[in-house]
Amino acid sequence: MPEAPEGRADGAEEWDEGRVERDGAHRHRHAEPERRGRVLALAERIKSSLAAMGRKTAGRSPIVPIIAGDERRALSWANHCLNRGLLVPGIRHPTVPMGQARLRVSLSAIHADADISGLEEAIASLPGMED
């Protein structure tokens, strides 16, 4: 591991800046803020759709959970989405606590508006969503 650069006694400020410059994800985040804005806007769109269906969501992330509760329901929902050409995995115990199984919607800036519309339609028609 390289040594921290000289400057401050602990080198923290300089070292942090250097690490960020070497890390690809951070470099893209700063170089392409419009992509970050787009993916967050898509997440907000999905969260708004879920809220309109009476589902609560939290956080500000391009990963949006849809809580199913029951593991069988989460897997059924994942298959429902897959049958519509959407890869929305069901996440179960032990990844999440027992009784908190969910779908994990992972969004990207390259998703088209039509992709999101298809996802919204699939979510609206999830079996047992009214529970």
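**Stop 1: Arg 45**

Select Arg 45. Its relative accessibility is 26%, so Arg 45 counts as partly exposed. Keep in mind that this is a predicted model.

Which residue does Arg 45 meet at 2.9 Å? Show Glu 120. The two form a salt bridge, and 2.9 Å is the distance between their closest N and O atoms. Arg 45 sits in helix H3 and Glu 120 in helix H5. They are 75 residues apart, so this pair links distant parts of the chain.

Is Glu 120 buried or exposed? Glu 120 is buried, because its relative accessibility is 16% and the cut-off for buried is under 20%.

**Stop 2: Asp 113**

Asp 113 belongs to H5 and Arg 45 to H3, so the pair ties together parts that are 68 residues apart in sequence.

Asp 113 has another partner. Select Arg 38. The side chains of Arg 38 and Asp 113 meet in a salt bridge, at 3.4 Å from N to O. Helix H3 covers residues 33–52 and holds Arg 38, while helix H5 covers residues 113–124 and holds Asp 113. The pair therefore ties together parts that are 75 residues apart in sequence.

Check the surface around each of them. Asp 113 has 45% relative accessibility and counts as partly exposed. Arg 38 is partly exposed too, at 30%.

Show the four residues together. Arg 38, Arg 45, Asp 113 and Glu 120 are linked in a network of salt bridges. Across the whole structure, a search finds five salt bridges.

**Stop 3: Ser 49**

Stay on helix H3 and pick Ser 49. Ser 49 has 18% relative accessibility, so it counts as buried. What does the side chain of Ser 49 contact? It makes a polar contact with the side chain of Glu 120, at 2.7 Å. Leave Glu 120 on screen: this is the residue that forms a salt bridge with Arg 45.

**Stop 4: Helix H3, end to end**

How far apart are its end C-alpha atoms? They are 29 Å apart. At 1.5 Å a residue, the 20 residues of H3 should span 28 Å, so the two values agree.

Next, colour the buried residues of H3: Val 39, Leu 40, Leu 42, Ala 43, Ile 46, Lys 47, Ser 49 and Leu 50. An α-helix has 3.6 residues a turn, so residues three or four places apart point the same way. What do the buried residues of H3 pack against? They pack against strand S1 (63–69) and H5.

Step just past the end of H3. There, Gly 54 takes a positive phi of about 85°.

**Stop 5: Lys 47**

Go back into helix H3 and select Lys 47. Its relative accessible area is 7%, so Lys 47 is buried. Show its contacts, leaving aside neighbours within four places in sequence. Lys 47 then touches Thr 57, Ala 58, Gly 59, Arg 60, Ser 61 and Val 64.

**Stop 6: The nonpolar core**

Now turn to the largest nonpolar core, which has 26 residues. Which of them touch the most other members? Select Ile 46, Ile 66, Leu 103, Leu 107, Leu 119 and Ile 123. H3, S1, helix H4 (71–82), strand S3 (101–106) and H5 each supply at least two residues of this core. The largest share, six residues, comes from H3.

Zoom in on Ile 123. Not counting residues up to four places away in sequence, Ile 123 touches Ile 46, Leu 50, Met 53, Ile 66 and Met 129.

**Stop 7: The whole protein**

Zoom out. How many helices and strands are there? The protein has five helices and three strands. Follow the chain along its sequence, and the pattern reads α-α-α-β-α-β-β-α.

Colour by burial. Of the 131 residues, 28% count as buried. Then show the surface. The protein exposes about 8,500 Å², and carbon and sulfur atoms supply 52% of that area.

End with the contacts. Take those between residues at least 6 apart in sequence: 54% of them join residues at least 24 apart.

Methods
Residues are numbered from 1 along each chain as its sequence is written. This is a predicted model: local features need pLDDT of at least 70, side-chain atom pairs count only at pLDDT 80 or more; totals for chains, interfaces and linings use all residues. Side-chain values use heavy atoms; hydrogens and water are left out. Helices (H or I, at least four residues) and strands (E, at least two) are DSSP runs, numbered from the N terminus. Buried means under 20% relative accessible area, exposed over 50%, partly exposed in between (1.4 Å probe, protein chains only). The expected span of a helix is 1.5 Å times one less than its number of residues. Contact means heavy atoms within 4.5 Å. A nonpolar core is a set of buried Ala, Val, Leu, Ile, Met, Phe, Trp, Tyr and Cys residues joined through side-chain atoms within 4.5 Å. A polar contact is a pair of N or O atoms within 3.5 Å; within protein, one must be able to donate a hydrogen and the other to accept it, and residues adjacent in sequence count only if both atoms are side-chain atoms. Accessible areas come from the Shrake-Rupley method with a 1.4 Å probe; for residues, only the protein chains shown count as cover.
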